[in-house]
Amino acid sequence: MSAEQDDPATPALRVRWFLRGASKAFSVPSAILALSFVGFAGLAAEAGLTVGQTVFMTGLIWALPAKVVLVGAIMSGATLPAAALAVALSSIRLMPMVVVLVPEMKGSRTPRWVFYALSHFVAVTSWVIALETLRHVPRELRTSYYFGLGSTLVVTNMVVVLLAFSVSDHLPPILAASILLLTPVYFLTSLWASSRERVGHFAMVLGIALGPLFHILVPGIDLLAGGIAGGVAAYGAHRVLKAWKAA
């Protein structure tokens with residue numbers, strides 16, 4: 001019997017696939033993510049946040065870049081509306097990930113509220129792992145699997161932040177900053193490995209190449225401009241190449 005035919009989704013099957021998803025949260029990518037949260041705990045302590053506030057922020061906001069943006073806004077003395085806007089803008093990048101992931105998880109009877117709830121767990125690590133593994137999960141059980149994966153990642157890193165915060169005073173600032181920088185390196189390598197088409201690689205190369213140029217031209221929106229320009233150029237090249245092969 002194929003994975004697609006492994007139905008109905010009984011409670012016992014849902015628990016089993018929840019646990020399988022939870023087990024995927026303990027992997028090399030997850031370990032790198034946890035190291036990044038150690039660096040974040042040091043940054044939050046330096047900003048004057050309490051351990052309760054930092055752990056609460058980890059569970060509520062989840063995506064690490066948004067939390068770094070919020071802590072940066074706190075350290076710069078930004079107003080609450082400005083900080084909220086900055087966090088919202090940094091989180092908009094997750095919307096395409098949700099758009100890609102929902103069709104992969106959608107079953108014949110999946111209620112819409114389940115997707116709203118699971119969208120909280122969408123971040124780069126859970127997204128990459130899910131795209132690599134969901135095809136091997138029965139469709140009606142994919143939401144249970146992703147719930148196990150996402151919730152375990154969140155809870156684990158809340159514990160990591162709790163423990164790291166207690167030793168943050170003894171962590172050299174340069175080491176904390178270095179650990180935090182593991183995140184973008186990991187994001188880039190993970191996205192490269194999970195890209196199913198060559199156009200994804202082309203877009204990343206273009207984005208990296210155009211980043212320094214846009215930093216000179218429009219330093220305030222250099223990352224956004226480089227990403228949009230690289231993505232649009234890669235998509236255009238993909239369409240042209242596809243039409244050329246079809247001709």
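Reply:

**The nonpolar patch**

Leu-213, Ile-216, Leu-217, Val-218, Ile-221, Leu-224, Ile-228 and Val-232 make a nonpolar surface patch of about 790 Å². The model is predicted. Helix H12 covers 198–217, helix H13 covers 222–246, and each supplies at least two of the patch residues.

Take one member, Val-232. Helix H13 holds this residue. Is Val-232 buried or exposed? Its relative accessibility is 55%, so Val-232 counts as exposed; the cut-off for exposed is over 50%. There is a general point about spacing here. An α-helix has 3.6 residues a turn, so residues three or four places apart point the same way.

**The chain around the patch**

Now step back. The protein chain has 13 helices and zero strands. From the N terminus on, its elements run α-α-α-α-α-α-α-α-α-α-α-α-α. The accessible surface of the protein chain comes to about 13,900 Å². Carbon and sulfur atoms account for 73% of that surface. Of the 247 residues, 39% count as buried. Now take the contacts in the chain with a separation of 6 or more: 77% of them join residues 24 or more positions apart.

**The covered side**

Helix H8, residues 124–133, is mostly covered, with nine of its ten residues buried. Those buried residues are Val-124, Thr-125, Ser-126, Trp-127, Val-128, Ile-129, Ala-130, Leu-131 and Thr-133.

The largest nonpolar core has 52 residues. Within this core, Phe-37, Phe-40, Leu-101 and Tyr-146 touch the most other members. Helix H9, residues 142–167, gives the core its largest share, nine residues.

Follow Phe-37. Leaving aside neighbours within four places in sequence, Phe-37 is in contact with Thr-58, Trp-62, Leu-64, Lys-67, Asn-157, Val-160 and Val-161. Phe-37 is also one of the buried residues of H2. Phe-40 is on that list too, and others include Leu-33, Gly-39 and Leu-43.

How does the span of H2 compare with what its residues should give? Helix H2 runs over residues 28–46, which is 19 residues. At 1.5 Å a residue, the helix should span 27 Å. Its end C-alpha atoms are 28 Å apart, which agrees. Just after H2, Gly-48 takes a positive phi of about 95°.

Note on methods:
Residues are numbered from 1 along each chain as its sequence is written. This is a predicted model: local features need pLDDT of at least 70, side-chain atom pairs count only at pLDDT 80 or more; totals for chains, interfaces and linings use all residues. Side-chain values use heavy atoms; hydrogens and water are left out. Patches are made of residues with over 30% relative accessible area and no salt bridge: like charges are joined within 9 Å, nonpolar side chains (Val, Leu, Ile, Met, Phe, Trp, Tyr) within 5 Å. Accessible areas come from the Shrake-Rupley method with a 1.4 Å probe; for residues, only the protein chains shown count as cover. A salt bridge is a side-chain nitrogen of Lys or Arg within 4 Å of a carboxyl oxygen of Asp or Glu. Helices (H or I, at least four residues) and strands (E, at least two) are DSSP runs, numbered from the N terminus. Buried means under 20% relative accessible area, exposed over 50%, partly exposed in between (1.4 Å probe, protein chains only). Contact means heavy atoms within 4.5 Å. A nonpolar core is a set of buried Ala, Val, Leu, Ile, Met, Phe, Trp, Tyr and Cys residues joined through side-chain atoms within 4.5 Å. The expected span of a helix is 1.5 Å times one less than its number of residues.
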